[in-house]
Amino acid sequence: MARIKPQALLVQSKRKKGPTRISFTSIVFCSLVVSLIVLSLVATYRHWSHRSDEQKESALSTFEDTGAFEGAKKYDLPGHAVINTSKGYITVELFKEGSPEIVDKFIDLCQKEHFKGMPFHLVIKNYVIQAGHSQDLQAAEDWTSKVKIRSQLVTSPKHEAFMIGTSKTKDSKGFDVFITTAPIPDLHERLTVFGRVVKGEDVVQEIEEVDTDQHYQPKTPVGIINVTLKT
């Protein structure tokens, strides 16, 4: 058996213990794999981040649209009514903010033509005119007694002339319309005011001047022909 020289054994040992070399192709391949993983993570993050922002914007847009719709619904309601009477036209500004429920009811009745052909059945000079379908003589006496009491009061008026309102009485039938022709201090106790005359005060005064009987009912018929709503 041939003997191996010590120098040959040393060279052979160094070759076995030397570090294993990695090829250039392997390095490139691993770099590409790592790069793809990083790019995939970045793309996933951007996708979910963008989706979250879209959801927030969508929720905010929905909220703003809802608010805008409610606001539009509120402010698109008619703000004026033109009452066409047998004496002429009376333009009324509606208090949408001050009396929203009564204004809504008034608008609904206008659309149903509730006031078409409604007569002015109570005319008290320097006080109030009333349009309605009821013929309650006791109501007239109540109003005239208020006139006598009012003449004895020395107070600042809480309501101006040419205000429009409806009765607060729960058992009142229908929806009567009252238009004041003078400042009335205690008007708020009897009526819910929902508007004021802005044009046609002379027409109100002309109705006020018609001849009436002992019950303050016009001797000659005068009434509402129709009511037109204006935004």
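Select K125 and E209: their side chains form a salt bridge, 3.3 Å from N to O (a side-chain nitrogen of Lys or Arg within 4 Å of a carboxyl oxygen of Asp or Glu). K125 sits in the loop between β3 and β4 and E209 in the loop between α6 and β8 (224–230), so the pair ties together parts 84 residues apart in sequence. K125 is partly exposed at 49% relative accessible area, and E209 is partly exposed at 47% (buried is under 20%, exposed over 50%, partly exposed in between, with a 1.4 Å probe and protein chains only).

This is a predicted model, in which local features need pLDDT of at least 70, side-chain atom pairs count only at pLDDT 80 or more, and totals for chains, interfaces and linings use all residues. Residues are numbered from 1 along each chain as its sequence is written, and side-chain values use heavy atoms, with hydrogens and water left out.

Next, colour by secondary structure. The protein chain has six helices and eight strands (DSSP runs numbered from the N terminus: helices are H or I with at least four residues, strands E with at least two).

Go to β3, where five of its five residues are buried. β3 runs antiparallel to β4, joined by four bridges (strands pair if DSSP finds at least two bridges between them). I124 is opposite V128 in β4. Three residues lie between the strands of this hairpin, and N126 has a positive phi near 60 degrees.

Now select helix α6 (residues 201–208), in which V203, V204, I207 and E208 are buried. These residues are on the same side of α6, because they cover an arc of only 145 degrees around the axis (taken from the directions from the helix axis to the C-beta atoms). The buried residues of α6 pack against β1, β2, β3, β4, β6 and β7 (contact means heavy atoms within 4.5 Å).

The whole structure holds three salt bridges. Select R196 and E93, whose closest N and O atoms are 3.0 Å apart. R196 is in strand β7 and E93 in strand β2, 103 residues apart. Then show D108 and K112, with closest N and O atoms 3.1 Å apart. D108 is partly exposed at 31%, whereas K112 is exposed at 59%.

Finish at L41 in helix α2 (residues 24–75). L41 counts as exposed because its relative accessibility is 58%.
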